Amino acid sequence: MSEMTLQYAPTEESVATSYLDEGHTVLSWLLTTDHKRIAILYALSITAFFFIGGVAIGLVRLELISPTGWFMTSDEYNRAFTIHGIIMVWFFLVPSIPATMGNFVLPMMIGAPDVAFPRLNLLSWYLYLIGASFTVYVLLSGGVDTGWTFYPPFSSTYSHSSVVPAAIGVFVVGFSSIATGVNFMATVHLLRAPGMTWFRLPLFAWSMYVVSMVMVLATPVLAMSLLLICAERLFGLPIFDASVGGDPVLFQHLFWFYSHPAVYIMILPAMGVVSEVFACFARRRVFGYAFMVYALLTIGVVGFMVWGHHMFVAGQSPLANLIFSFLSFIVAVPSAIKVFNWTATLYRGQIGFEAPMLYALGFLGLFTIGGLTGLFLASVPIDIAATDSYFVVAHFHTIMVGGTVSAFMAGIHYWWPKVTGRRYHEFAAQLAAIAMFLGFNLTFIPQFIMGWLGMPRRYHFYPDVFQIWHVLSSGGAAMLAVAYLMPLGYLGWSLFNGDRAGDNPWGATGLEWQTPSPPPKRNFLRPPQVTSAPYQYHDIGRAREEVEQAPVEGRGDAR
Amino acid sequence: MNGSSGDHETLWRGPLLAWSALLALAAISLGSAYLPLGAGNVAVNLVIAVVMAAVLAIFLMDLRNGTTLVRIVASTGLFWMIFMFVLTFSDYLSRG
Amino acid sequence: MTDLSGALQEPWPDLRLQREAVGLGMWFFLASEVLFFAALFCSYAIYRSFNAEAFRIAAAHTKIVYGSINMVLLLTSSLTMTVALRAATIQLRRLTLLSLGATAALGVAFLVTKGLEYYADINENLVPGPGFPLKPAATAIFWGLYWIMTGVHALHLTAGIGVVIAVMTLFWRGTIPVQGSTMEGVAIYWHFVDTVWIFLYPLIYLAGRS
C-alpha cells in the first residue's frame, strides 16, 4: 500500500476554505499571488487568444475553398495567416500548458504551498497582457503581413504593415515566458516536499522543469532578433541589410535558435501531461520512468542544436546542412523512446476510455505521425523538395496542434475536477475528443497529400487539381472548430451544474490529488511527506473500489 | 553581530583586492590595444576580458562560496552561447 | 540584533532559504541574459570575421576616453555594490546605505558619460543612414551594432540604478530591515551588467587602436 497515495485521502473537505473562496472581488483576482488563481487568469486569457487565432485561420480555410480566392485580397490573406501564426504560437501554444496547468499543478505535485516567487508569477501574467495588448493593437491597426517568422529584408525594410508593434508584442510576451521559467526552476529546486527526491518527481513536474530551462535559454535570443529587426526598421541601423554587407540569413539563425526550441517548449509539457494521464487511466506505473526523464532532458538540450534544419534552402552552407540534418535525426531518438515507453505503459493496462485518456491516445497517434514526418524533413534532399509546401505545414501542425492541443485538452479534463471541484459531462467530453481527433486528421491528412504533390504554403491562388484537398481540409477545420467549441459548453455547464468531484475522482496518485478539490490557498491541509516513487497504480488499482465514493460511468477497468 | 573594526577590515579587503586587479587588467588591455599585434590584439583583449569576468564572478559575485548548483547555472549560459557560436560559425566558415 | 522577519516573503520559511532562492532565481535569469547578449556578440563576431578592415576603421572612431572612464566607473560601482551586500549581510545600516548610494551615483555617472559620448558621436554623424561619413559600407554595420549594444547595456544599467534606489529607499524608510536577502539578487544583477561592459569595451573601443 502506497503511503504517498492513501495517507491523505480522504481529507476533511469541510475544514478547508478553497482558493476560490478566498475573496470574490475582481481585485482579489487581479492582485492575487496564488499560483492557482494566476493559472486561471492565464487560462482565460489564452483561451480568448486561441479563439481569435482560430477565427483568423477559419477565414483562411474559407478563402482556400476556391482556387482563385473569393473574398480576400492577397494582402488580406497574408495578414490573416500571419496573425494566426503569431497568436497561436506566442499567445496560445507557448504559454498553454506551462502557464495554466504548470502554474496550477506543479507546486501541488511537488508538495509546495506556492511557486518560489509568487509576485514574479503575477508579473508574468501582466507581461503577457501587455504583449497581448500590442497584438490586439496590431489587429485593430490592420495587421501584419510578414508571416509569423518576421524574415528580413521584408520585415525590416519593405513591409507596410504593423511590424514593430507585432514584434514588440512578441518581445514582451517572451519575458513573461522567461519569468515563468525562472520561477518554475527555482520552485522545483527549492520547494520540493520532504521525501520528494528528483527521481520521485512526477513526469509532468520534470517536463515543467525542462521546459523552463528551454524557455529561459531560448527566449532571449528571439527577443534580441526582434529587437534588431525593430532597430533596422525604426532607426535604419543596418544589421541585416545586404546592401552594406549584412546578412539576412543571420536573422534566420537567431530566430530559429529560439523558434526551434520553441517547438519543444510546446511539446515537452504535452509529453508531461500525457505521461500522467496514461499512468492514471491504464492503472500502470509509467514504463521506464528514468528513461523518460533522460529523454526529456536530452530533447531539451539537443533541441538547441538542430535549428539549422529550417534553413536548408536559405543559403546555409552544405556542411552546416549536413551537421544540422544529423543532429535533427539524433533528437528523434529520445522522442521515440518516449513513444515506446508510453506504449509499453499501456500494454496490459486496465485501460479506461474517459475523455482525458481519449485525448492522450489522440496525442500518441498524432505525435508519432508528426515526429515521423519530421524525419522526412530533417533529411536534406527531401526537405529541399518539400520546403515551404503544405507538407511542412501539416507536419508542424500535427506536432503543435495534434500533439500539444490534444495534450492540453487531456490535461484540462484530467485536472478539471481538481481545479473546479466539479465533474464535467463525461459523454460530451468523449464526443468532443473523438470529434477533435477526426477533425484534425481530416484537416491535415489532405495537407500532407497536397504538400507532397507540390502545393506551396502561403498562397491563396492554386491550380485546380488541389481544390479537392483544400475543400476536404476546410471541412476538417470546420469539424475541429466544433470540437474546440464543445468543451466551452459542457465545461462551462459543469461549473454550475456538475456533480461534486471529491478529492480524487480518478483514483490517481500524485500529491495534487491528496488534498481537497478545489484546494485550499496553501494547497495542503498538512505538509505532505513523500515516501515512495510516483505512479504506484499497482497498489491503488486494487484498492480503488474502497477509495472511491461512487462508481463513475465509463470507467473501463471497473470490472 | 556588531560593526567592529575587524568586521570592517575583512569586509573591505577582498573586494578592494579584486577591484585593483580588475583596474590593472583593464589598463593592460587598453595598453596592449595600441601595440601592433595584428590579429593578436583582439585575442589579447578577449583573454583579458575573460579573466576580468572570471575575477568579477568568482570574487565579487561570490561564486567562490556558491553552491554547486549556482555554479552550474552560472556556466549554463556560457555553454549555450558556445552552441550558438559553434553552430552558427559552422555555416559561415564553410560557405562557398 | 534587530527583528528581521519583516524581510521574509512568501513562501519561504526562513531568510537563509529565501536568500538562496533569490540568488538562484537571479542566476537563472542571468543565464537568460547571457543568451540575450550572446545573440549580439554572435552577430558582431560573424560580421567582424568577414569585414575585419571595415570594423577596424569604424572602431577607430569610437571615443576611447569616454569608454575607459566608464570602465573605471563601472568596476568601482561593482566594488561598492559588493561592500553594500556584505555590509547588509551583517546589518551595518549606515555602510549599506552609503555604499548603495555610491553605487547608484557611479551608475548615473556612467550614464552621463555615455550621454556625452553619444552627443559627440551624433555630432560626427556616426549614425548609419544618409550622411554617414565612413567607408567602406560595412562600417555602417559596426556602428549599427555600436548603438544597439551600448543602448541595450545602458537600458540594463538604468534598470539596475532604479532597483538599487528602490532597495535603498526600502532600507532607508525601514520598510524592510537591512539584511542581505533583499539585496542578493540586485547585487548579482549589477555585477552582470558590469561584466557585459567588460566584453563590450574591447570589442567596441579597443578594436581599431593598433
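Domain bounds come from an automatic or database domain assignment. With that noted, I looked up chain B and found it split into domain 1 (1-65) and domain 2 (66-96).

Ground rules I wrote down: this is a predicted model, where local features need pLDDT of at least 70, side-chain atom pairs count only at pLDDT 80 or more, and totals for chains, interfaces and linings use all residues. Residues are numbered from 1 along each chain as its sequence is written, chains are lettered from A and ligands numbered from 1 in the order written, and side-chain values use heavy atoms, leaving out hydrogens and water.

**Chain B, the two domains.** I found the C-alpha centres of domain 1 and domain 2 of chain B 23 Å apart. Their contact (heavy atoms within 4.5 Å) takes 4 residues from domain 1 and 5 residues from domain 2. I then looked up the buried area, meaning the accessible area (1.4 Å probe) that two parts lose on being put together, summed over both. Between these domains of chain B it is about 280 Å², with carbon and sulfur atoms giving 53%. On the domain 1 side, B:Leu63, B:Arg64 and B:Asn65 lose the most area, together 98% of what that side buries.

**Chain A, H5 and H7.** Helices here are DSSP runs (H or I, at least four residues), numbered from the N terminus. Axes are lines fitted to C-alpha atoms over the stretch in contact, and angles run from 0 to 180 degrees between N-to-C directions. How do H5 (118-140) and H7 (163-190) of chain A cross? Their axes come within 8 Å and cross at roughly 165°. That makes H5(A) roughly antiparallel to H7(A) (the label is for angles over 145 degrees). Among the residues making the contact I noted A:Leu127, A:Phe134, A:Val172 and A:Ala179. The contact residues divide into 15 nonpolar, 8 polar and no charged. For that count, Ala, Val, Leu, Ile, Met, Phe, Trp, Tyr, Cys and Pro are nonpolar, Asp, Glu, Lys and Arg charged, and the others, Gly among them, polar.

I found A:Phe150 in the loop between H5 and H6 of chain A, with phi near 55°, a positive value in a residue other than glycine. A:Pro153 lies in the loop between H5 and H6 (154-158) of chain A, and a cis peptide bond with omega of about 5° joins A:Pro152 to A:Pro153.

**Chain C.** A cis peptide bond also joins C:Glu10 and C:Pro11, with omega about -10°. I placed C:Pro11 in the segment before H1 (15-50) of chain C.

Definitions and conventions: Helices (H or I, at least four residues) and strands (E, at least two) are DSSP runs, numbered from the N terminus. Angles under 35 degrees count as roughly parallel, over 145 as roughly antiparallel, 65 to 115 as roughly perpendicular and the rest as oblique.
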